[in-house]
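Good morning, colleagues, and thank you for coming.

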Amino acid sequence: MCGIVAYVGDEKAGPILFDTLKRLEYRGYDSAGVAVRCDDQIEVLKAAGRISDLEKSYLERGSPGDRMGIGHTRWATHGRPSDENAHPHTSGGIAVVHNGIIENYLALRERLTDLGFAFQSETDSEVLAHLINYYYQGDLARAVAKAASEVEGSYAIAVMSADSPSIVCARKDSPLVIGLGEGSCYVASDIPALLPYTRDVVRLKDGDFAVLEGGKVHVQDISGAPRELESERIEWDVNAAERGGYPHFMLKEIHEQPRAIQETITGRISEVEGDVRLDLGMTSWDMQTLQRVSIVACGTSYHAGLVARYFFPRAAGLPVDVEVASEFQYMQLRPGTLLVGISQSGETADTLVSLKKARTCGVRSLAVTNMVGSTITDIVDTSIYTRCGPEIGVAATKTFTSQLAALLLLGIRLGRGRNHLLADQGRKMLAEFSRLPGLVQSVLEKRDQIREIAKTFAHQGSYFFIGRDFLYPIALEGALKMKEIAYIPAEGYAGGELKHGPLALIKDGTPVVALATCGRKIQSNIKEVRARGAEVIALATEGDPDMAKIASMVVELPATRPVFSTVLCTVALQLLAYYTADELGCEIDKPRNLAKSVTVE
Ligand code: F6R
């Protein structure tokens with residue numbers, strides 16, 4: 001997730017671009033850049049690092065007369081944060097900022113290289129600058145439309161040319177909003193950035209192109225037909241707007257999950273081949289001779305690893321062990337192992353120390369992380385990026401479900417690479433995988449029911465979460481979320497383990513959340529706790545005929561394969577923890593004693 005902005009009007013462009021970019025920093029902040037047009041020249045200023053540092057350089061340089069420009073704040077997905085990889089990207093007199101992922105960039109890059117274009121960066125976005133330059137013959141909108149027609153993937157772009165007084169924007173599967181001012185037009189990835197300037201906005205639709213010139217905006221749809229401007233007036237206050245109108249970043253990030261999971265899987269699924277496109281840096285032989293996978297991680301990331309422990313043996317015929325990273329130093333690492341470290345921040349000290357063992361023991365290592373260029377990526381042989389954008393709330397939400405998505409992709413790739421999973425099995429699995437973002441959206445729509453449940457039990461003083469199979473790790477994750485943001489003692493247990501001790505804690509009214517979308521055996525565990533007076537909140541598959549008879553209340557989730565229901569149950573449990581914490585007046589985005597990144601052992 002990155003942020004893009006643009007401005008055309010009567011005022012000086014640079015200060016407006018920097019101000020709007022800073023308001024989009026929550027979308028990414030590893031590098032930034034602007035391009036402004038002065039005297040038919042485009043001046044580009046871009047660098048790795050924070051926007052405020054770049055702004056200082058702009059102010060020192062001074063760009064008299066700039067009245068239009070584009071800007072970008074980056075969250076790396078292709079290529080590490082660096083000056084070269086920062087946007088805008090340029091080609092001839094063309095400058096482009098891009099948010100999204102160009103899936104066919106390798107093919108386009110090869111073609112453009114053959115045509116003589118020289119690439120300066122490792123990004124997928126740079127192909128857009130060269131492609132538009134290639135088609136540009138004085139009509140910028142036409143060149144952008146031609147280039148866009150050749151691009152597969154998602155994009156929100158703003159483009160300018162040294163010899164044109166207009167800025168052209170376009171979008172497909174990435175957000176873009178135009179702000180309408182007096183003699184000025186503004187563009188941003190999100191509404192909050194525009195609110196200090198205007199409250200009248202036009203949300204571009206997929207396939208739309210907009211031409212901004214002299215304070216006027218013309219929009220055309222995907223067929224090229226002019227579209228009437230449908231502007232709306234935004235009434236939110238500016239503080240809430242930073243969180244996209246949500247009261248907390250955590251709630252915003254919970255709601256971003258359909259998009260985040262889509263970003264994780266975009267360009268990586270080939271339903272035709274029934275396979276996953278992930279470069280693991282391993283040959284078929286490497287995969288076939290692999291003996292086992294060891295996973296190290298902490299906290300929520302550890303729970304993602306536990307889901308892989310259930311999935312990889314089935315998908316890839318590989319045994320898996322999972323260890324909390326702080327304990328891994330006491331374990332043996334066997335030859336023939338692939339050591340996988342999972343860390344959203346890529347900076348967790350215990351995980352980094354564990355992964356270093358791979359080099360000393362001569363085994364291959366791989367990281368699943370959300371941070372391109374983080375320390376973890378320097379330690380391992382290969383990295384898989386979850387690409388879900390920065391997470392501001394301390395409690396991991398969208399980074400966790402994106403880790404699950406990335407690990408499922410990894411399991412399928414290993415399964416196909418080892419010929420354990422047949423093409424047809426892969427196809428069916430991936431067809432269901434593609435539905436996952438939509439299914440997550442349906443779970444989010446259960447928020448009112450979950451909020452009521454949260455209010456009912458917020459003052460009970462303890463919680464149990466039970467699950468079996470794929471859902472046991474999710475029971476652990478549900479309990480962790482409840483502990484860390486609502487400060488309620490919560491236990492996560494494998495359903496079958498309750499009777500070996502913890503059942504003694506169950507009494508009248510104890511809330512037990514039963515994750516019941518994976519197999520029927522959990523039903524006997526529900527009956528066990530009901531018989532001791534527990535109130536059971538079951539997460540069950542829509543239309544389950546039994547659950548209403550045995551549970552106290554049922555949250556129905558859409559039907560899917562058990563492995564994908566891990567994600568659906570997670571989202572419901574995040575909402576439960578969130579609304580409980582809200583009911584109790586906890587400080588949700590910054591829970592006491594916790595930090596987003598734990599860089600000490
Ligand atoms: C819980 C949470 C932590 C992290 C853990 C590992 O919501 O966020 O438990 O999961 O500190 O962090 P990373 O994934 O950055 O290594």
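In which loop does P88 lie? P88 is placed in the loop between β4 (68–74) and β5 (89–91); helices here are DSSP runs of H or I with at least four residues, strands are runs of E with at least two, and both are numbered from the N terminus. The peptide bond leading from H87 to P88 is cis, its omega near 0 degrees.

Let me state the basis of this talk. The model is predicted, so to speak of local features we need pLDDT of at least 70, and side-chain atom pairs count only at pLDDT 80 or more, whereas totals for chains, interfaces and linings use all residues. Residues are numbered from 1 along each chain as its sequence is written, and side-chain values use heavy atoms, with hydrogens and water left out.

I turn to the overall division. The protein is split into domain 1 (3–240), domain 2 (243–434) and domain 3 (444–590), with bounds that come from an automatic or database domain assignment. Between the C-alpha centres of domain 1 and domain 3 there are 44 Å.

Next, the nonpolar core. By this I mean a set of buried Ala, Val, Leu, Ile, Met, Phe, Trp, Tyr and Cys residues joined through side-chain atoms within 4.5 Å. Buried means under 20% relative accessible area, exposed means over 50%, and partly exposed is in between, with a 1.4 Å probe and protein chains only. The largest such core has 94 residues, of which F433, Y463 and F465 touch the most other members. Helix α20 (residues 562–583) gives this core its largest share, 14 residues. Because domain 2 (243–434) and domain 3 (444–590) both contribute residues, the core lies between them.

Now to the ligand. There are 13 residues around the ligand, and S301, S343, S345, T348 and E484 come nearest; a residue is near a molecule if one of its heavy atoms lies within 4 Å of it. By type, the shell divides into four nonpolar, seven polar and two charged residues. In this scheme Ala, Val, Leu, Ile, Met, Phe, Trp, Tyr, Cys and Pro count as nonpolar, Asp, Glu, Lys and Arg as charged, and the others, Gly among them, as polar.

Which helices each supply at least two residues of that shell? They are α10 (299–316) and α17 (471–486). The largest share, three residues, comes from α10.

A polar side-chain atom of S345 lies 2.6 Å from a ligand oxygen atom. From the backbone, an N or O atom of Q344 is 2.8 Å from an oxygen atom of the ligand, and a polar backbone atom of A396 is 2.9 Å from a ligand oxygen. Taken alone the ligand exposes 400 Å², and the protein buries 90% of that; these areas come from the Shrake-Rupley method with a 1.4 Å probe, and for residues only the protein chains shown count as cover.

Some backbone details follow. R387, in the loop between β22 (382–385) and α14 (398–417), has a phi near 55 degrees, a positive value in a residue other than glycine. R387 counts as buried, at 9% relative accessibility. D469 sits in the loop between β23 (463–467) and α17, and its phi is also positive, about 60 degrees, although D469 is not a glycine. Is D469 buried or partly exposed? With a relative accessible area of 27%, D469 is partly exposed.

In strand β23 itself we find I466, which is buried at 0% relative accessible area. The C-alpha atoms of I466 and L476, 10 residues apart along the chain, are separated by 8.1 Å.

Just after α8, G267 takes a positive phi of about 80 degrees. Strand β17 (residues 275–276) holds D275, a buried residue with a relative accessible area of 13%. The side chain of D275 makes a polar contact of 3.1 Å with the side chain of R413.

Key
Polar contact = N/O pair within 3.5 Å; in protein donor to acceptor, adjacent residues only side chain to side chain.
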